[in-house]
Each structure stands twice: as C-alpha cells, then as structure tokens.
Amino acid sequence: MFEPGIKPRVFGLAPGVDFPKALVAGLRERLDGSPPDAMARVDLIVNTARMQRRITDLFSEGPPGFLPRLRLLTMLDGLVPEVFMPQAASPLRCRLELVKLVSKLLEADETLAPRTSLYDLTDSLAALFDEMHGEGVSPEAISALDLSDHSDHWSRAQKFIGIAREFLRLSDMPPDAESRQRAMVQALAAHWHRHPPAHPVIVAGSTGSRGATLMLMETVAYLPQGALILPGFDHDTPFGTLSDGSDGLPPEDHPQFRFQKLMLSLGIGPDDVAPWHDTPPPSPARNRLVSLSLRPAPVTDAWRIEGRRLTDMEAATEGVTLLEAPTPRAEALAIALRLRKAAEDGQRAAVITPDRMLTRQITAALDQWGILPDDSAGTPLQLSPPGRFLRHVAALFHRRLDAEALLSLLKHPLTHSGKERGAHVLNTQRLELEMRKHGLPYPDPEGIRRMVAGVSKDAERQREIEDWADWVGEQCCGRLDIGDRPLERWVNDHRTLAECLAQGRFDSGTGGLWEKQAGREALRTLDHLAEHAPFGGAMSAQDYADLIGALLAEGEVRDRDAPHPDIMIWGTLEARVQGADLVILAGLNDGTWPEPPAPDPWLNRTMRHKAGLLLPERRIGLSAHDYQQAIGAREVWLSRSIRSDDAQTIASRWVNRLCNLLGGLEEQGGKEALTRMIHRGNIWLQHVATFETAPYIPPAPRPSPKPPVAARPRQLSVTDIKHLIRDPYAIYAKRVLRLRKLGSLVQTPDALLRGRVAHEVVEEFVKESLADPSRLSPEVLASMAEEILRTNVPWPAARTLWQARLLRIADAFVAGETERQSRATPVAFEEQARGKLNWPEIGFSLTVQADRIDRTNDGKIILYDYKTGTPPSEKEQATFDKQLLIEAAMIEQGAFPAIGPAEVLDAVFIGLGLQPKDVKAPLADEPPHEVLQKLRELIEAYLDPQQGFTSRRMMQKVRFDGDYDLLARFGEWEETDSAVPEVLE
C-alpha cells in the first residue's frame, strides 16, 4: 500500500472533512488494482465505536469487497496472536478497594473533604492512578516531587498517594485497564521490532492525547507498512508557535498541540504530514480564518499581520450563523425549529454540545412535532425509571421515611408493576388524600392503616385496602439502618426489597423492574456490584446509597424508539465522525464549552507537569480540536445563550476570539461578515418569538357568583361568619361547590398545627389544675407541653422552638389562669362546648364549638378563646371577627345543651403568642340581641337570589391569601375592580 521510506508515515485530513468517508476513499484509492483480499489484510485501528460503525456502513454501501480488520484503540487483543495479556481488573474492584482507604483518610483528617465527597474523592484518586499508569509515571516520580514551596496539603496528598499505591499493590489485584493497555502497547512494540508486519497497520482518528496511545502511534508510524491518519490537521497553523508559554508550561489548550507533540516525538515537521486523500474541506477560507483565531495568546499579534491576507470574508463566513439567544429556552427552541426545517428539507443535521440539559430541552421541543433525534449519549441510567426506582429504595435505608418519599415510591410506575397495578394506584390515591387531609408527616405501619380506615363502605373492599396498607407498612417502613453493614448485605437487601416492591402483593416475579433496555442495564449494574461486593468492606447506609447512585450515574440507556435517521445529537468527540449537511455547535459559553478543568485534590498544575502527567488544559485542547473540526462543516451554527437561569454568561473563548478577529478585519469585510452571521441568527430568534406568541385572552373579571337559593348553604359554623363578611366567595366555594383545599403533601410545622398543639397543651393543663390545684404551676405546664409536643410534633427543631415559646409565656399564663379560676370555674371545653342555633323560619342553623366556658358562683358565663397569633382588637370584633360575640349571644339563647340559657358576663381572647395579652369582646357595645339581629340580616341577604358571593370583598390586608384565590383567578383582576355578578342555574 505504501512506498518504502525512512521517515515515519503520517497523513492528515483538514478540519471539516468527513473523516470516515475520506478515510475509506483513501483506502480504496491506494488499493485500487490490488487483489480483492488486500483490503482484508489491513489492520485499521480507530478511536471510537461510532467511528468503527460509520466505516463499516461506508464499506457496506459498496462497491462489493472485503472489510479491513477494524479494531478499537482500547481493544488490541488479537492484533498480534503471539501477544497475550491477562484481563484487566474491574475498575469497580479498584474503586471499592480505594473507598475503604479514602474513608479512613477522611476519618483521620476531616479537613481534607466532607464525608459526602467520599466517592468523588475516590474517583479522582482512581483517575489519577489510571493516568499514572497510562502515562508511565511511577509512584517514585510522585514521591520525588519537591514540595518545599508548597503547602502542607500537597505534602499530605503526596504521602497518601504513596500509601494508596502500596495498598493496591499489596491487595493482589490484577493490573487495571490503563496498566494493561500500556503493557499491551509495549509488548506489541517489542514484537513488531523483532518481527515487523508486512501488511498495512493504520491508526486513524486519534490525536494521541494519552501516553499509551501516543506510544502505539509512534510504533505504528515506523512500521514498514504502518501509517497514522490524523483528523482535523491544520496546515495553516504555524506549529513553531506552540512552544512552552511564559510560565514554562506547554499550551495544551491549543487544538493542534497534540499533533505538535506527536511530530516532535517522531522527529518530523508539518510539511511531512501528507494529505491522506484529495477530498477538499467544505470551506478552506473558513479553516484559515478559524486557524488564525485560535492562535496561542502570546502570538495573537499575528492577527494584525496575517489578518490582512484573509480577504475572502464572504466565502469564509458563508453558511455560518451566530445565534445569541436571550435565554437557554430560546436557544433550544431556535435550534429545534432549524432541525425541524432540516427534517422537512431532507437535510442531515447534527447538534454537537457537551451540555446535556440543553440537549434535553431540544429533544423536548422537537417532540411537539413528533421528531425523535438520534441521541448518541442516550439517557443517564440514574434518570431512567429503574434508576430512579433503585435510588428511591436505597433511600429507605438511610433516610427517615416521610410522606413525600413514601408516595413518590408508591406512585413510581415500577412499584407493584406485577398483578393488580390498577388497585394499587387507586389505593395510593386514597392514601394520599387521607394523608393530605389529616397529616402523616412520618408514616409508620399503624399510621398508614389508620389513614385508610373506613375509606370504603364495602366491607370486602375495605379489607383489601387494609391488607394493601399492611403490605405498604411492612415493605416501606422501619428500614432505617444507622449501623455499618457489609456491602454484600446492602446489595442483597437492596435488591430483595426492590424486587418485592416491584412485584407487588400477588406476584412471585419482579414486575417490570428488570424489563426493557433500562431494566437490563440496571440489573447488570447491580450484578456487577454484587460480584465485587466482597472487596468493599463495611459501610453505612448513606455511603451505600451514594455508591449505588454514583454507579447508576455512570450508566446510560439507549432505547432506540425509531429515532429520526437524519436528526442527531452528538457529543463533542463525535465531531470527528461527522457527516452532516448542517452542524449546530450549541451551548458555546465558557464553563460549558469548553468545560473548566476538574479540580484535582491531589496534585496541582506545576506538580503534574514535573511528574510527567497531563495538564488540566488537556481537555480544553481536545474540546478546542473538536470545535475546530466541527466548525469546518458546510453549514454551521454557533449558538449560545446570553443569560443562564440566574446570571449573565460569557461567550466561549473560541467564539469570542472569532468575533474579535472579524471585528478587527474591517477593511477586509470582517465586520460586515460578522453582522451577517448575527443577522442570520436573529431571523431564527424572530421565528422563536412568533412561535411563542400566545393569542390574547382577556383577563377574568372579579367573580360574584349567584347560585340558586336551593344550592346556598343552610348551615354555617361561627368561624365561617368571618369569611362570609370578608371573602364571601370562599363560602361559595366551600359550602356550595363543596371544595376543600388539600393539605400539603410535605406536612410542615405550620401555624395551624401550632395552634392545635397549643390548645391541647393549655386545655390539658387547665383540666389537670382543676383535679389538683397544686399542679397549677409553670413547671407542670412545661412538663405537659414537652409530653404533648413529643407526641404531636415529629420535627425536632420545631418541637424545641415551640416548647421554648410556651416556656416563655408559662409564668404569665399561670398567673392569668390563677386569676381566671378565682373568678369562675371551667365547666366545658372543646368537646363539651358544642352548640347549635336554629332559625326554622328562614331554614338556617348556626353551629359552634367554643374553646372554653367558665361559670361563676352566681351562674353567669365567661367565654374564652385561645389565640396563638395576635387576638383581634375590639374594633375588628365589632366589624368582622364576631366569633366571641356570636358565641355569647348563642349562650344567652340556650344554644349550648351542656350549659343551658345563661347570662354572659365576659368573653375574652387569651393570647398565647410571644407577647401574650388578653383582649375582651365588646359586649357592652355589641349587645347579644343586636349581634344576632345583624347576623340574621346578613344570612337573609345571602339567601336572596340577587346577592352574589363576591371574591375578597373586605379583606383585612391585600397580602392575605385566600384558600380559593386561585379558583377566583385573583391576579387577573385587582381588589379595586368592580365585581361581575353571574347568575348560576
């Protein structure tokens, strides 16, 4: 295939060239006229599986012939039958071994990192060892680093690296994948040195960014029929400028740096890199422009000199669109609109970005037109249904079960996915409604059974619901485990519980847990972990949950559901495999593309360079090469969002450089070219604005419904009267429509619960003091408060705070209670203080439940009502909050059977807030008979068919929220708007 020569054989293809297509064309051209089996003797080593598949597809398109022997760089077994290496150790085993060691490190030095970073720290250490093995850096090289000018942290890190390396050596573990790869390359090099192959051996598509790969490429380049084919080789770059920077470190963030390093190691120059095939790049002018824009920072003065030679700006920027969207949503929608047009026109289009959130937004936008892109990255396993389900189940072991966690698990589509799934869903809905009504912040078996008690009138169905509740309590409750357990036990318990929850009550299988691609991938993950669990040692439930979460995060699921053949989403590496008519480089903001180097807790930048490890900028350089390769496509979009969700963004350094360069080439037409690029993007942003424009819908008016008289409420409680005065619409919604606001699923210690608990505390305390007057003391009140709070308030922080508040007012309350009991004796509390007043002539009744009723020695009544908030003033009581006034009038009318008709001497609100005070009802100014007369007139008014129930009629403050404001569509109207009556039939 190749002519003999003394120099290493290196070829290149320009940025923007369809690399696999040109590679195949060059192979066929060089073997033209050779025997048909000559192609089958070619060993072609490529860097990615996608490249391998694309080359295979290109050969399959014809003409008929043999395939070369395609291999991946990471799978060199069988390349030379005489070279054999034992299988590498599982990365998971190495990780589990290191977890034990890093865990002890964090226990010994808590300042190094928080416990929650255990697995991130382990991953970074494992990655460091992989890199050391791949680059051929020995532990001795790390130990020999001079740390005299560095902090104690780096010294401790150096010592620990040595300890960890020795620990792994003594663990009798087979070599890891990087060690095996380097050993394999060394063995191949040694064998080929003795027995050079006569057939072609080609490494194609790699930049040689890793040490073992670079070693393989150097070896292959010197073989008699060996060759390297470099992707995106830029002949316009002056490689002499890619020397060490001002800090003595190489500019690894330049896209062509790896090729410079390769050429130096091979002793050749850029002129020795011959074209592999005569396939021209789509836009040579654009390649020159981009090449100049990417010059290393110290030599950007070349812009002023070489920029004058760039005269064809129109050709360079033709087909380039710069989209600067105001938000990520607008960016995603603009891209989706362009992809839709590409699908309609039959264009092959690809989005290239490392931003997975952006790709999900694009996919969601395309879904409205029924377009499913072919996403090379798939879906993260942790976000798939089995991944989420397994994480929910693992949380049962380390997190106290709350209502949200329980219902999230019960509602998951894989829970009870065997038989009777429908009944399970219905029972879950019933349980949720009851939990929202009555509250069950931390479910337990007894509480769950209590919630479903009496939900069905059918006895047989009720038994089935209770059996289901028992199953839920048995499977989900009581799983919290605070001790350390062997990893094997955690894996077994986790899998057993997950399968039990998935199969349900009636099935012996595992439901749908391990079905479909995601389920099979999740099962492989658990099986793999179970296989290596003996190396993990003991750990806590939290550590296990973090471990399984990290393992699931590494997996991905590619459930292909007939994706569109011409609409693709690629990662940045796949820019080298492009073959698209339209390439969209999305998310071009600094911090996204390129991504910042990952923090290294072990070695800083200078230490890495001295040890011979890769610099953090290497990844930036690889991303830069991917960018340079992709921007050379025939039609290309450069897109970014000006703002993220919460802040202004900074354009990617490559976009910034390109715009600055074009802006400075005003005489050559660069500024006008940049304006055209931006204009093309603005056109699509206008399309987005048009697409997002919703038709005008007039705001809803302020409602004042007039239901039929027969539908109007015929019974109200005393506490409803305040709402009838201030917000009649709430009475309409509650009593006519019979709507009730559901409680929060995540129950919190709110004001309502605080009021109930405070009422119970003072009521039980008063009852205790009546039975034993010596118990009327602050100490007894504090003791009872502690006991009742422990029973009714499961939140430790709220319990402590509320108890402190009660203790703060204990002395004042006891003093006030002593005075109250000296005036009268309590005769009825909430349960006994129930009353009802009937007005048969208008067909209406009024109900009441007082907090407390006392009777004096002469038979008169004193009413009390406890308030944990601020008691209403006398003026507020006279106008709006008439609760005590109405209760007093009802007592005098004999509406309380346990009390009988009696004169009311006093009615008092007892404040239980931080500043306790008593507020009396204005009985003298509001005589009972007048109160009842006004109340009756109010009721009769709302029994009039012409009276509407106006929303927020007389709210005390605008900021007060009503339970039915959403139903009334408050916000579309203001309280100054006139109500619009509506007669309802």
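Is Arg820 buried or exposed in this structure? At 4% relative accessibility, Arg820 counts as buried. The model described here is predicted.

- Arg820 belongs to helix 31, which spans residues 796-823.
- Leaving out residues up to four places away in sequence, Arg820 touches Phe813, Arg852, Asp854, Tyr864, Ile910 and Asp918.

**Salt bridges**
- Side chains of opposite charge can pair when their charged atoms come close.
- The count for this structure comes to 50 salt bridges.
- Glu554 and Arg95 form a salt bridge in which the closest N and O atoms are 2.7 Å apart. Because Glu554 lies in helix 22 (residues 541-554) and Arg95 in helix 3 (residues 91-108), the pair ties together parts that are 459 residues apart in sequence. Glu554 is exposed, with a relative accessible area of 54%, whereas Arg95 is buried at 6%.
- Arg295 and Glu306 meet through their side chains in a salt bridge of 2.8 Å, N to O. Arg295 sits in the loop between helix 10 (284-293) and helix 11 (302-306), while Glu306 is in helix 11, 11 residues apart. Arg295 is buried, with a relative accessible area of 4%, and Glu306 is partly exposed at 23%.
- Asp581 pairs with Arg634 in a salt bridge whose closest N and O atoms are 3.5 Å apart. Asp581 lies in the loop between strand 14 (567-570) and strand 15 (582-585), and Arg634 in the loop between helix 24 (618-630) and strand 16 (635-641), so the pair ties together parts 53 residues apart in sequence. Asp581 counts as partly exposed at 29% relative accessibility; Arg634 is exposed at 55%.

**Val17**
- Val17 is placed in the loop between strand 1 (10-12) and helix 1 (19-30), and its relative accessible area of 2% makes it buried.
- Apart from neighbours within four places in sequence, Val17 is in contact with Ala22, Thr279, Pro280, Pro281, Pro282 and Gln629.
- The C-alpha atoms of Val17 and Gly632 are separated by 7.5 Å, although these residues are 615 residues apart along the chain.

**Surface patches**
- A patch of negative charge on the surface gathers Glu420, Asp458, Glu460, Glu464 and Asp467. Glu420 is in the loop between helix 16 (403-411) and helix 17 (421-438) and is partly exposed at 45% relative accessibility.
- Leu737, Leu739 and Leu967 make a nonpolar surface patch of about 230 Å². Leu737 is found in the loop between helix 28 (728-736) and helix 29 (751-771), and is partly exposed, with a relative accessible area of 37%.

Terms used: Residues are numbered from 1 along each chain as its sequence is written. This is a predicted model: local features need pLDDT of at least 70, side-chain atom pairs count only at pLDDT 80 or more; totals for chains, interfaces and linings use all residues. Side-chain values use heavy atoms; hydrogens and water are left out. Patches are made of residues with over 30% relative accessible area and no salt bridge: like charges are joined within 9 Å, nonpolar side chains (Val, Leu, Ile, Met, Phe, Trp, Tyr) within 5 Å. Accessible areas come from the Shrake-Rupley method with a 1.4 Å probe; for residues, only the protein chains shown count as cover. A salt bridge is a side-chain nitrogen of Lys or Arg within 4 Å of a carboxyl oxygen of Asp or Glu. Lys and Arg count as positive and Asp and Glu as negative; His and the chain ends are not counted. The place of a charge is taken as NZ of Lys, CZ of Arg, CG of Asp or CD of Glu. Helices (H or I, at least four residues) and strands (E, at least two) are DSSP runs, numbered from the N terminus. Buried means under 20% relative accessible area, exposed over 50%, partly exposed in between (1.4 Å probe, protein chains only). Contact means heavy atoms within 4.5 Å.
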